[in-house]
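Look over the sequence and the model before reading on.

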Amino acid sequence: MNIGIIGLGRMGSTMAETINRLNDKGIYLYAVASTNLKKAEAFKEKYHAQVACGSGDSLIKRRNVDLVYIATPHSYHEQYVTLALYNLKPVLCEKPFTTDYKKAERLLKLAKRNETFVAEAMWTRYMPSRKIISELLELGVIGDIKAVRADLSYNIEFKDRMLNPIKGGGVFLDLGVYPIHFVSMFVQGDPIKVEASCITTDKHLDESDVITLIYPNNIIASITCSMSSFSDKKGIIQGTKGYIEVDNINNPLEIKVFLNNSDLIKTINIHEEVNGYEYELLACKEAIEKGLLESPYLPHSEILRMHKLYDLIRHKMKIIYPFDSDKPTMIN
């Protein structure tokens with residue numbers, strides 16, 4: 001499978017490194033694209049791609065590209081996913097898939113109409129840690145879930161994309177989606193109540209968020225994220241018999257199971273084959289080879305469910321982008 005990368009920032013570089021370590025799995029870096037052709041040429045040489053392109057459009061139209069990976073700022077996702085789907089090119093788009101529900105719905109309808117594979121690169125959905133945690137919960141090791149706590153914070157407020165409304169800046173769509181997915185992977189159903197508040201920047205983007213989700217069966221989730229501070233990045237799933245502690249909700253490498261308040265009964269260490277990003281690439285390859293239009297790890301229905309929740313949370317925080325759809329879809 002030949003991959004073309006659009007967007008050559010940090011994530012583009014990380015994915016290029018990952019691809020180059022998956023050649024033995026039949027995954028290769030074929031083309032890279034930037035609006036700055038010199039940057040694309042330098043990237044091509046550094047990561048041993050075959051072709052450098054001066055636009056995403058020209059990369060998408062390359063006959064030998066089997067999968068387009070989009071790693072641009074959020075606000076450009078819709079543009080490139082649309083181009084890829086019109087050219088019948090399978091797509092793996094970085095999270096968030098796009099910036100609101102209506103755009104996501106439109107893109108996924110286009111994918112279905114054109115019978116072309118498209119997936120969202122929310123890497124935690126594809127990791128082995130997801131299955132490990134799910135199995136622990138199914139076995140009832142910690143009893144019934146009653147609460148979940150999840151945080152992801154990094155001091156990255158100096159980065160241009162975080163401060164720019166045109167690029168979909170603010171912390172929620174960049175970091176906050178990870179704890180949202182952490183909760184949604186392990187708590188069934190949609191929340192019946194959503195509360196969210198934030199501290200805003202001078203451009204009215206969210207700098208630090210606090211989100212509370214209440215689910216059926218009296219389950220409560222508490223989510224925090226910030227782009228102006230650091231945190232332990234932990235996730236805690238609390239049950240009637242004990243709790244599960246995940247060392248990093250963004251890339252779990254250690255899972256601990258406690259009974260009662262503090263009796264540690266199990267520690268599970270996760271050893272990644274490459275760096276954690278390999279799983280979404282391998283999942284895409286498998287799905288495309290099977291002729292699927294979506295990945296079972298993150299089906300289109302789940303992408304839409306998450307985007308409805310994103311819209312509602314942003315509505316609660318009164319965070320509005322210049323390019324937002326006129327009437328965001330709400331779930332309650």
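## Two cysteines

The sulfur of Cys284 lies 11 Å from the closest cysteine sulfur, that of Cys93, which is too far for a bond. A disulfide here is a pair of cysteine sulfur atoms within 2.5 Å. In general, a disulfide is a covalent bond between the sulfur atoms of two cysteines. The structure holds 0 disulfides. Cys93 is in none, and its nearest cysteine sulfur belongs to Cys284.

Are these two residues buried or exposed? Cys93 is buried, with a relative accessible area of 0%. Cys284 also counts as buried, at 0% relative accessibility. Buried means under 20% relative accessible area, exposed means over 50%, and partly exposed is in between (1.4 Å probe, protein chains only).

## About the model

This is a predicted model: local features need pLDDT of at least 70, side-chain atom pairs count only at pLDDT 80 or more, and totals for chains, interfaces and linings use all residues. Residues are numbered from 1 along each chain as its sequence is written, and side-chain values use heavy atoms, leaving out hydrogens and water.

## The whole chain

The chain has 10 helices and 14 strands. These are DSSP runs, numbered from the N terminus: helices are H or I with at least four residues, strands are E with at least two. The C-alpha atoms fill a box of roughly 55 × 45 × 40 Å along the principal axes.

How does the radius of gyration fit a compact globule? With 332 residues, such a globule would have a value near 20 Å, and the chain has 20 Å, so the two agree. The radius is taken over C-alpha atoms, and the globule rule is 2.2 Å times the number of residues to the power 0.38.

Of the 332 residues, 55% count as buried. A contact means heavy atoms within 4.5 Å. Among contacts in the chain with a separation of 6 or more, 66% join residues 24 or more positions apart.

## A lysine in a loop

Where is Lys167 found? Lys167 sits in the loop between helix 7 (160-163) and helix 8 (172-186). At 23% relative accessibility, Lys167 counts as partly exposed.

Lys167 and Pro73 are 94 residues apart along the chain, yet their C-alpha atoms are separated by 5.8 Å. Leaving aside residues up to four places away in sequence, Lys167 touches Pro73, His74, Ser75, Tyr76, Asp160 and Arg161.
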